[in-house]
Amino acid sequence: MADNGTPTPSPQQIFTELSVALTGFNRAELAGTGLIETYYTTLLRIIGEREAGHLFAAVAEALAADRKNHDGEALRRQVVENPRYSPVVVSLIKLWYLGSWYPLSGGYRDIHGSTAEDVEHVVSPQAYREGLVWIAAGAHPMGAKPPGFGSWAEPPSLPVF
Amino acid sequence: MTESTRITSLKDLKAALQLAVGLELSTIPVYLTALYSIEAGRNTDAAQTIRSVVMEEMLHMTLAANVLNALGEVPSTRPVDFQDRRNLSPIPAYPLDSPLVSGIGTLELLPLTPRAVDGFVRIEHPLHGAATLDAIPVQSGGFRTIGEFYDAVDAALNDPAICPDDVFRPVRQIPDSDYYGGAGHVIEVKDRATAREAVLKIVDQGEGLPEEYLHRPAKTVTDADRLGSGWQMYSHYARFRELQCGRRFRPDQRADQNPEGAMLLVDHTAVQPALYTPHNGGSDSPEGAALDAFDLAYSHLVDDIYRAFAGEPKEVVDPLDRHADRERPALRSAVHIMYALKNMAVALMRTPNPAKPGHTLCPRFSYVPPGGDRDKLVQRLENRGGQDR
Amino acid sequence: MSTNDHDHDYDIVIVGGGISAATIAKTVIEKAAAQTPPRHPRILVLEAGRATAMSADKYDTYVDAYQEALAKVPNSPYPASSSAPQPNVLDIGRPIMGPDGTTRVPSDNGYFVQMGPLPFGSDYARSLGGTTLHWLGTCLRMLPNDFRMQDAYGHSVNWPLRYEDLKPYYERAEWDIIGVSADVEDQVYPGIGGDPAKYFESADTGKFPGGVYHFPMERIPSSYLDQYLAKKSAGLVVELTDDHGRPHTFPVEVSNTPVGRNSRPAEGYQPIGAVGNFDQGQRCEGNSSCIPICPAQAKYNALKTLYELIVKYPDREPADGGARKARVAIRSQCVVSRVLHTQRTGGTGTVTGLTYRTYFDDGSAPVEHTVTADTYVLAANAVENATLLLASGAANNSDQVGRNLMDHPLLITWGLLEDGVGAFRGPGSTSGIPAFRDGTFRSERTAFRVEIGNWGWNFPENAPYDTVHDLVGGGESGQVGLYGKELRARLGEILPRQFRIAWELEQDPEPTNRVTIDDRYKDALGNHRPVIHYDLSPYVRASLPWASEASRQLFTQLGIGDEVRRPEYRPGDYTHYDPDDPSAVTHDGVTYWVRGAGHVVGTHRMGTDPATSVVDSHQRSHDLPNLYIVGCGSMPTLGTSNPTLTMTALALRTGDRIAEQLKGKDA
């Protein structure tokens, strides 16, 4: 049980909240990609469940502190800037933005070992299409989600967030 | 046999056509909800079938608008009075009981399920699934079937006492070159003959199909192939019967038979479990905002379509050049929103519904008219900026 | 099996299933049927690669393959077989040259064997539909002077045709085969006398009253970037100085580019949508992936024409009572290995058949066949035509087969604009700057076309990927750079401002730029791989500093003259060329990157003299009169126009000629 009696969130919930904090996209935007479950699994398979357990515990604690303080400082200090987790954070952000997994560094692997799946790969055609970078750019994935005839002639706009 | 409602004045004919534009519009969200609920790349044959019908409904909506414009009336989203009935809104709100046609029953927004397809077949069946016309209850100033409605429209168009020759003017016509993506051609209405031709096209392809068509070959071609390479379209009813039965018609079958040709594979597990829930006031969650954003986009789409029907441009301001020409063809802008809506709908239907475990969100296709409610909706969405972490 | 009059298997056999093959087959069939007496030829098309999708759901799997590909290169959606391998731009490597200028170690890690000194930087697709599967769709006609370079500028060679000769075929290519979207008034080019209406004026006054030409579809709207550049560069005149100190001035005007991409049709024209799903692709939807694949098939590809042929002219006897019709058979996975002929060195002869091998992907051995016809057409791409002819010892009295290989070597310049213009939206390019396409300077340096790119830094900096890497961090430190809303906002500031320009240089024909064969280099079926010698002439190189300088003047006008490099992001000129890149070229001590444009041209040039050319103006072999060698390979020079439209015009002219020859024979 976390403080003030709320039940401990599930690992998937923690993963979702972490993803929201790292990407700048809200829960509905991330769910709309249809990839939360896929990326949760991808992460677990690549860093291993044990390390994921450490990460999620650290994230849950940091997010609880940030909720109390109404800022993101705990997450920044305890997860993002924590050398133990930062290589994973980098790959996770890129995963959400680009739909591809980018391998962890040699330094990370020296400590934690690596898995066979920790190689550069496009997770799936859907992952490519749902890359957040295209929304951030006010565009659409090249080769998918076309905006319609003549749309490119109009002034660009970025979604409010 | 009950006497069907007749249209006896030009004023009523115009009101009827305003409602006809709305009637054609009202089926589109029903079909789109099913279409967009299909997971990417799955059920491709079913998707192709539904998509082809949607595109023709858009054509029908355009045809109805062209007839209306030719009668000198600007298509509008505003409620109309028809016969003894007041304030009938052309713009659908779901679940929808048609203000005009009692036989089609309640139109619901459902993902692609057997129940949804049963509904499609009912919409497109000449008698909307009833055994006889008389079995359908009717209210005064209403119609039992879409066929009956268009028959009345056609009869009025054909009656010089209701609309004399000089009523018809080729104004504000959407040209054929602006319609694409589906079968058929836009008919530009300039006189009585072309007006009736336009109505016949609506009836022939789609809902409003005369009952005797059921005894004709199922694959009677409603729109011949423009490429000359074997591509063809048959009635919506026959296309949806195939979807319902999971079989194609053989070329020698009649539309009232059970299709017995090749299997049409439909996997109902490759469909998002979207669940329509009516709007219940402003929601502060990211999910509520996403539903709101969809409604706003949909409202803009409806506005742009009606703007195009009214022959008005869409204004677009270039933030880098305030003096740049702002006028855009409204239909082009509408098409851009259609593409965006698809992506929004697909995303909504992947998003878990926080209140209904096991279900995902369902777009509401709720039109919010310009004015106070629209302003509030815009405000609500703008205020959300910076909220989510 | 023989149904024609000469005891041959077919009237016509065409090698290759791309746009030239499709155009010739369609033209011959339609022309021959309209003649008196009508003729209904039987045609066989042999495609080396695989069949491609003929319905939208199958085509979508190619789109998926592209989306899932790690490197989204032009051939990424199209799988190739080792029995019919295709070049891939990822394989481009630099051969190692000896001090005497000969090749010490060729670069042969892909399909091409690159002998250098420069690698040939372009690819093509070996699949049914050919390279139109991944072309951009640009449909510029060549300029009048492009056909008479020797007369006008004392450089290169003249064509045996003038622009006026080809004009009616350009019209047919634009209307009947490709379907081109453009407005005549936008086409303001140098070298056309200042009046586009005159340049496009049609002799077909039946179709175009008063000769006032119009394209079958309206222009594709110019991108917001195009409009922005047009406003910002208004009044700019680029000044460049030639080798004699003479100034040349080039007024910069942004001009919407004609493209084979569906737009709003003119009265009476029906845009052709996706193969097997006609209602899709009726308009360009802005998928922003013309290369490698148009998901909607709003962009023309040769499958559209081939599909029409298969549906209209199936390869079977007409049903009882049915009218006689032409018949088209298309066979994929059939690689032609030899042109059989009676030609002796220095003499002429006839083609007597083609040997081809059908391969299987199921572990079975390939099966060899021979097929005969009255008329043979090689339409297998310029490089493939050349290797096949060389391997067959055919049609080469002139010793020009394989020589004069050309491309549009292109220089990319790129910058970050002061304003967001919405990069990564729309077709790859919607406009260009035609100012440098013709002028007196062509006597000493090559002309060039300026293509404005709508996809940000996708080409030069692998954006948006590398932009994300720059901002997010990782690498040695493993530290996180930006994340969360800050990251999202920063990407929104940077990506929409990215833009790039391609300066596409005309390449002049040089006999030493050539495709050859070497028995040491063969593919899995034992066919010769292309062995390529390639370099840029001083004439081409002389335009590198010009293009560079023109770019600097333009960027300065746009307010982004400052030199900046990633990972810093602020408005500026990011153009830079790393000397270690395989495409690096040094000229006057300055390094440039010169990439391929995918325009493979010039290996069997046309001309009037059999001693100096391979084919005549109808693309008929001088040496083997029943053999047509068609495609971009026939072009003596290529000007600054992307060659597909001209290739198609030539194919129409060839189709007319083949049909005429059928006329003389018994019905």
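So, chain B: how does its radius of gyration fit with a compact globule? For 389 residues, a compact globule would come out near 21 Å, and chain B has 21 Å, so the two agree. Keep in mind that we're looking at a predicted model here. If you draw a box along the principal axes, the C-alpha atoms of chain B fill roughly 60 × 50 × 45 Å. Buried residues account for 48% of the 389 residues in chain B. And take the contacts in chain B between residues at least 6 apart in sequence: 69% of them join residues at least 24 apart.

Okay, now where chain B meets chain A. Chain B puts 25 residues into that contact, and chain A puts in 20 residues. On the chain B side, α7 (286-309) and α8 (330-350) each give at least two residues. Which helix gives the largest share? That's α8(B), with ten residues. By type, the chain B side splits into 14 nonpolar, four polar and seven charged residues.

Let's hop over to chain A and look at a pair of helices. Helix α1, residues 11-23, and helix α4, residues 49-69, have axes that come within 10 Å and cross at roughly 65°. The crossing of α1(A) and α4(A) is left-handed. From α1(A) you've got P11(A), I14(A), F15(A), E17(A) and L18(A), and they meet F56(A), V59(A), A60(A) and L63(A) from α4(A). That contact has eight nonpolar residues, no polar ones and one charged.

Next, some backbone details, starting with cis peptide bonds in chain C. One runs from T36(C) to P37(C), with omega near -10°. You'll find P37(C) in the loop between α1 (19-34) and β2 (42-46) of chain C. Another cis bond goes from G116(C) to P117(C), with omega near 5°. P117(C) sits in strand β5, residues 113-117.

Last up, positive phi angles. Q83(B) isn't a glycine, yet its phi is positive, about 55°. Look for Q83(B) in the loop between β1 (80-82) and β2 (85-88) of chain B. In chain C, D588(C) is also not a glycine and has a positive phi of about 50°. D588(C) is in the loop between β23 (584-587) and β24 (590-593).

So is D588(C) buried or exposed? It counts as exposed because it has 8 C-beta neighbours inside 10 Å, and the cut-off for exposed is 12 or fewer. Q83(B) has 18 such neighbours inside 10 Å, so Q83(B) counts as partly exposed.

Conventions. Residues are numbered from 1 along each chain as its sequence is written. Chains are lettered from A and ligands numbered from 1 in the order in which they are written. This is a predicted model: local features need pLDDT of at least 70, side-chain atom pairs count only at pLDDT 80 or more; totals for chains, interfaces and linings use all residues. The radius of gyration is taken over C-alpha atoms; the globule rule is 2.2 Å times the number of residues to the power 0.38. A residue is buried if 20 or more other C-beta atoms lie within 10 Å of its own, exposed if 12 or fewer, and partly exposed in between; C-beta atoms are placed from the backbone. Two residues are in contact if their C-beta atoms, placed from the backbone, lie within 7 Å. Helices (H or I, at least four residues) and strands (E, at least two) are DSSP runs, numbered from the N terminus. Ala, Val, Leu, Ile, Met, Phe, Trp, Tyr, Cys and Pro count as nonpolar, Asp, Glu, Lys and Arg as charged, and the others, Gly among them, as polar. Axes are lines fitted to C-alpha atoms, for helices over the stretch in contact, and angles run from 0 to 180 degrees between N-to-C directions. A crossing is left-handed if the near helix is turned anticlockwise from the far one by less than a right angle, and right-handed if clockwise.
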